[in-house]
Amino acid sequence: MKLEIKNVSYQYTKDGRKILEDFCLTVEHTERVGLIAPSGYGKTTLCKLLSGYLLPDKGEILVDGHPLASYQGYCPIQMVWQQPELAVNPRLRMREVLLEGDEVEERIVRGLGIEEDWLNRFPSELSGGELQRFCIARALGKRTKFLLADEITTMLDLITQSQIWHFLLQEVQKRGIGLLAVSHSQPLLEQICTRQVRLEKQ
Amino acid sequence: MRLNRRQRVLIGLGVSLLFLAAVCAAGILSGEAAMATDFSRKNTAPCVKYLFGTDWLGRDMLARTLKGLSLSILIGLLAAAVSAVLALVLGIVSATMGKAVDAAVTFCIDLVMGVPHILLLLLISVALGKGLRGVIVGVALTHWPSLARLIRAEVIQLKESPYIQIAEKLGKSKWYIARKHLLPHLLPQFVVGLVLLFPHAILHESSITFLGFGLSTEQPAIGIVLSEAMKYLVTGEWWLALFPGLLLVIVVILFYVAGESLQKLMNPGSVHE
């Protein structure tokens, strides 16, 4: 599978600053692309555009040659948000959060170090790192073809970071999921990615 | 024994619900007694046998008050339930069905809120031929806007939350999102709104009945009891108005207590206090 971004432009308000202008990028499903840029350069915006949360002002986003909007229902490109606290409903137990994903396998849940006991808790009873594992597991459903990781381990300690990335790398390689990892950290991206892209200020 | 806030709230809720249930039960049981006339005991001041005294037809005022209150509570429950469901549906529809629908519903909310409750209530009640039906429909149609506005605002805010956007991208249907994500957030608001509508509904029902636009005089509604009592106040029969009025106020206060207690209980933050 191939994810193509062709001449995409985006700005949040009509007369506001252009976040992206004529941006092009192609990601193969075998690739792991690192995206690096300082704050405010449009990393998260790009991820939201790629996973369909936002629509580009200009240009198009193609998945296997078909426009992204033509994929009804489950979106093959799943994004893991930077703030796990906002990404789960505070009134649902974690078991239900996992069920929202597309038949998430037990192997993934175990691999991310999610403990049985956590499943019966509410989001407010878990730490940010523990919540983020649930968000990653939820995004790794059966039909996921590309995973966008928007600074998913920024708030975690180094041991947990390495545990999560170790598992993620195994998983995406095994299933042939394309990975787009966003981070401030050059060393991390050098470790996990096959190539890196730097966003430029518009 | 020291009680924490949650326990005190639970006790308050329990006591008020128990009292309201007792009033309803007593009212249903004293149906016959409320209508029975006996001229040998007319205009008796409150005494041990007739706690609330008797009226000019010798009817037991305690039975009449309880019967009237239970009727009021019934009407209040029905009207508030209809009103709250109306508010829930219109609130959600307004927030999710696009701009035109939103504008229409918001206009209706402003319209109904702009006209004084009691005036609109009188018009609807009279148009429907007074009686039980008129009162219930009238109260139901005038009390939904504030709750609808609250729910609309809540849904609009919820719609923007990341976890609902994520659910959409995970291919979840609108129905799934409404059931799993919207309702659990709206339910506490809805239940509290519903309970806090009761006292309003009861007060408005009594007022329009008192003014003569509500229930017919054969039914011992609390408004009828009070409005009849007015004529006898000048002749010194103070108990005819005092006790029914007092009990009406107590019932309304208890509904408020129940509503406020529920609100405190349903706020997840209060668990740890």
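The sulfur of A:Cys75 lies 12 Å from the closest cysteine sulfur, in A:Cys47, so the two are too far apart for a bond. A disulfide is a pair of cysteine sulfur atoms within 2.5 Å. By this rule the count is zero disulfides over all chains. A:Cys75 counts as buried, at 6% relative accessibility. B:Cys108 is partly exposed, with a relative accessible area of 36%. Buried means under 20% relative accessible area, exposed over 50%, and partly exposed in between, with a 1.4 Å probe and protein chains only.

The model is predicted: local features need pLDDT of at least 70, side-chain atom pairs count only at pLDDT 80 or more, and totals for chains, interfaces and linings use all residues. Residues are numbered from 1 along each chain as its sequence is written, chains are lettered from A and ligands numbered from 1 in the order in which they are written, and side-chain values use heavy atoms, with hydrogens and water left out.

Now to the strands of chain A. Helices (H or I, at least four residues) and strands (E, at least two) are DSSP runs, numbered from the N terminus. Two strands pair if DSSP finds at least two bridges between them. Strand 7 of chain A spans residues 146-150, and five of its five residues are buried. In a regular strand the side chains alternate between the two faces of the sheet. Here both faces are covered. A:Phe146, A:Leu148 and A:Asp150 are buried on one side, A:Leu147 and A:Ala149 on the other.

Strand 7 of chain A has parallel partners. Four bridges join it to strand 6 of chain A. Within that pairing, A:Met79 has A:Leu148 as its bridge partner. Five bridges join strand 7 of chain A to strand 8 (residues 178-183) of chain A, also running parallel. A:Asp150 stands opposite A:Val182 there. Strand 7, helix 6 (residues 158-175) and strand 8 of chain A make a right-handed β-α-β unit. Right-handed means that, with the strands pointing away from the viewer, the path from the first strand over the helix to the second runs clockwise.

Chain A also holds an open sheet of four strands, in the order 2-1-4-5, with antiparallel pairing. Its edge strands are strand 2 (20-28) and strand 5 (66-67), each pairing on one side only. Strand 1 (residues 2-10) and strand 4 (residues 58-63) of chain A pair over five bridges in the antiparallel sense. A:Lys6 stands opposite A:Glu60 in strand 4.

A cavity is a set of points, on a 1 Å grid over the protein atoms alone, where a 1.4 Å probe fits but cannot get out; lining residues have an atom within 4 Å of a point. A volume is the space filled by probe spheres set on the points, which are joined across faces, edges and corners. The count comes to two cavities of 30 Å³ or more.

The largest cavity has a volume of about 50 Å³. Its lining includes A:Met79, A:Trp81, A:Cys135 and B:Ile166. Strand 6 (77-80) and helix 5 (128-139) of chain A each supply at least two lining residues. By class, the lining has six nonpolar, one polar and one charged residues. Nonpolar covers Ala, Val, Leu, Ile, Met, Phe, Trp, Tyr, Cys and Pro; charged covers Asp, Glu, Lys and Arg; the others, Gly among them, are polar.

The second largest cavity has a volume of about 30 Å³. Among its lining residues are B:Asp55, B:Arg64 and B:Glu228. Helix 3 (61-96) and helix 10 (222-233) of chain B give two or more residues each. Helix 10 of chain B gives the largest share, three residues. This lining divides into five nonpolar, no polar and three charged residues.

Technical notes:
1 Å grid on protein atoms, 1.4 Å probe; cavity = no way out; pocket = protein on both sides within 12 Å on 5 of 7 lines; lining within 4 Å.
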